[in-house]
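Trainee: Could you take me through this model, setting each value against the definition behind it? I would like to see how each label is reached.

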Amino acid sequence: MPDQKQVTFTLNGQKVTTPAGTLVLEAAKHQGIEVPSFCYYPGLSLQAACRMCLVEVEKAPKLQTACTLVAVDGMVVKTDTEQVHKARKDMIEFLLSNHPLDCPVCDKGGECELQDMTFRYGLDHSRFTEEKLHYPEEKWSPLVFYDAPRCILCFRCVRVCDEGMDVKALGVGARGVHSVILPNEKGALACEECGMCIDICPVGALTSGTYRYQTRPWEMKYEPVPCTHCSNGCKTTLSVRNNEILRANNRDHSGINDEFLCAKGRFGFDFTHNPERIRQPLVRRSGKLEPASWEDALEEVSRRLKQVHATHGAAAIGVIGSNHTTNEENYLLNRFARATLGTNNIDHHRTADFTGLAAALGPRAKDSLATMADVYTSNATLLIANDVTQQNPLVAWQIRTAIRHHNARLYVINGRHSKIHRKASYLAEVAPGTERQAVRWLASGEGQLDEATRSALSALKAALEKESDVVIIFGADINGPALRELISFGSKLNGHTRFMALGDYANSRGAADMGVLPDRLPGYAAIADSAERARFSKLWGAEIPSTPGLTARAMMDAAASGKLKALYVVGANPVKTFDVKQPDRLAGLELFVVQDMFLTETALRADVVLPAASTYEKDGTLTNTSGEVQMTRRSIDPQGPRSDFDLIRILSHQLSMLGAGSPIRLRTPEAAFDEIRQNVRGYDLPVAGLLAGGAETSAASCQFVEPSYETPAGVVFSSNDFLFSSGTLGRYCSKLKSTNEAKETPWSSSPNIQSWWYR
Ligand code: SF4
Ligand code: SF4
Ligand code: SF4
Ligand code: FES
């Protein structure tokens, strides 16, 4: 961590005090003095390649590069002299000596650092008369293109791919004026397709396959939203023109992920315009799903739900919610199930044991849950049962950056390969599926493990016990009793141990926090808790039943056995998730309603399909796996589909008009968030930070689970998505799917993929 000793030096005539070790370029930036730089990039190794940051230093024989010069006591630096100005102007002239000057057609025009500096230093002619070297543009992958003549050889791309991504897909070839950036395979990339190299390129040499030649930066509006794919919650800026998302990046490098985005966050947005999007309601008539008006479809749903309700009772109705819909929609769905329909049969595909974590931590939960920032600042991380490189790319980035920036240590216990293993100080590779036994062994010395595994675990444990302030991160396999054992072990480590459960999807955590669970109300209040039940019954205007409902899997079984007569699925694909193969498994249902963006395996079996808006087409909040809440906003118009929020609300009104249940009077997501803030424990968050695009931590939300709570076996499991898949959504991201890496999973036997993925 940085030395806190201070030094004082003179910068443009002013005394400046800064922590020892600070680069002059950074110290100047803090004073609001810009020193131009191309090759310097905060957090990456120093290169001193471009010479743009030259400054005058008293008593130094020649100009110095501010990006490598450390400020020391008594130093006198000038950044704005005639000599400095001339040197910078000359450097730009060199950089432009082979540049094609094609700004009018270059994607980077308008946001190019070289273009800005050329204007700044008034370079309107060149003394170079030699013919420029031409190289044709290269398509390295469907997502990454390289135009060598525009390249200023700053090596930011090479460094971010090597140091930041630990992929090492890029290098430099040839010498002098012939130098070019080269991909790892001849003329092609085999990599994680994260696009970090494109993002970090200060000029238009690396361009994006989804964005190139589409538009100009000033023609778009910019919408900050959380990514809609995995559970890590990266802040993303959508660049939108004519109601179409043309680009995703983290434009101002703010938020919990700074500059990081993985392939899904950067390129996985075109599902919104996929031609297979359902844009009109469908109702099954004579065995076939046929287009219907919104009025007819909604009337069909409410009339038939009322019928089932009247004939078989509320317990014959089930509701399956989503890992992708917003907190407000999950809250509304909970209210719809329990107060409008009167059933506790509500659940979702649980991809992490958030309830078990709360129970095991008890009152310590409030300050024992790790945020993404904690992963970066921690001294050591213990990672168990998850391939974070594939499944939780931001977590992997945070771990790698902690190791790179302040020598943090990584300890891994894993039953599957992961690229992150090569960063581990201690690695216990256990047999697949035995991570739970490994945890038991750590906690109690018991567990059926072979001698080699015990010895690897023993070395790991001995080293870990010397660490302090460890962050423990674990995947879906660590649930129920294994989770309790892990907390017990972690809590005995030195200092302040923090924990992070890794869910799969953008709002996996929010779905659990909002109580889309058969036995939990919002904020994890137990259904059996009469005071909590009374509180929500009063708030929602209807008596909530006291018996816990069916889990999602049990609902699918009950549909097969005929005990469940109506099933309402919102933004989920339980037929695929629970592997319901035989069509007659759902034959017992009298009504099957699905709200989704696409005709999934589940929607294809429905009686009524209601087209739903995507996360990028509605307002609301999402909670990432570490409990950080962010606002999402309607960045494009859904053009046909409606938000799940509106659909749930409308159905509640129609049902109440038919005499069933209480209507939901919350008219907007903002009103619902207000109610959540006032009533869901841990969600009383300051709104100003959220509105400004920041994240607020709701860590307190799960500290109220009774200590005796046991997560039922089999309800928590991961979809095991990888870098290029994202549940149903990933199947409709055509750009993502177009890469070679996406065509073959890392678990495939393809020697091509295997050779680079784990090397
Ligand atoms: S896309 Fe990512 S992994 Fe591929 S070369 Fe660029 S930085 Fe490296
Ligand atoms: S491609 Fe871009 S980032 Fe890479 S060396 Fe060239 S100018 Fe720098
Ligand atoms: S790490 Fe997850 S949240 Fe971040 S960009 Fe990738 S898929 Fe999106
Ligand atoms: S920024 Fe200092 S040499 Fe490039």
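Mentor: Of the 759 residues of the protein chain, 60% count as buried, where buried means under 20% relative accessible area, exposed means over 50% and partly exposed lies in between, with a 1.4 Å probe and protein chains only. This is a predicted model, in which local features need pLDDT of at least 70 and side-chain atom pairs count only at pLDDT 80 or more, while totals for chains, interfaces and linings use all residues. Residues are numbered from 1 along each chain as its sequence is written, and side-chain values use heavy atoms, with hydrogens and water left out.

Trainee: Why is Glu435 called buried?

Mentor: Glu435 has 2% relative accessibility, and therefore counts as buried. The residue lies in helix H13 (residues 435-444), a helix being a DSSP run of H or I of at least four residues, and a strand a run of E of at least two, numbered from the N terminus.

Trainee: Which residues is Glu435 in contact with, leaving aside its neighbours within four places in sequence?

Mentor: Contact means heavy atoms within 4.5 Å, and the partners of Glu435 include Ile384, Ala385, Arg416, Val430 and Asp477. Gly415 is also one of them; Glu435 and Gly415 are 20 residues apart in sequence and 6.4 Å apart in space, C-alpha to C-alpha.

Trainee: How do you know whether Asp166 and Asn407 are buried or exposed?

Mentor: Asp166, at 2% relative accessibility, counts as buried, whereas Asn407 is exposed because its relative accessible area is 57%. Asp166 sits in the loop between helix H4 (156-164) and strand E8 (170-173), and Asn407 in the loop between H12 and strand E19 (409-414).

Trainee: What is the phi of Asp166, and what is the phi of Asn407?

Mentor: Asp166 has a positive phi of about 55° although it is not a glycine, and for Asn407, also not a glycine, phi is positive at about 55°. Most residues other than glycine have a negative phi.

Trainee: What makes Ser537 a buried residue?

Mentor: Ser537 counts as buried because its relative accessibility is 8%. Its place is in helix H17 (residues 530-540), and, not counting residues up to four places away in sequence, Ser537 touches Ala542, Glu543 and Ile544. The C-alpha atoms of Ser537 and Ala339 are separated by 7.3 Å, although these residues are 198 apart along the chain.

Trainee: What makes a set of residues a nonpolar core?

Mentor: A nonpolar core is a set of buried Ala, Val, Leu, Ile, Met, Phe, Trp, Tyr and Cys residues joined through side-chain atoms within 4.5 Å. The largest one has 90 residues, and those with the most contacts inside it include Leu114, Tyr146 and Ile473. Its largest share, 6 residues, comes from helix H12 (residues 393-406). Apart from it lies another core, of 50 residues, among them Ala292, Ala297, Phe536 and Val629.

Trainee: How do you know whether the radius of gyration agrees with that of a compact globule?

Mentor: The radius is taken over C-alpha atoms, and the globule rule is 2.2 Å times the number of residues to the power 0.38. With 759 residues, a compact globule would have a radius near 27 Å, and the protein chain has 28 Å, so the value agrees. The C-alpha atoms fill a box of roughly 90 × 60 × 55 Å, taken along the principal axes.

Definitions and conventions: Chains are lettered from A and ligands numbered from 1 in the order in which they are written.
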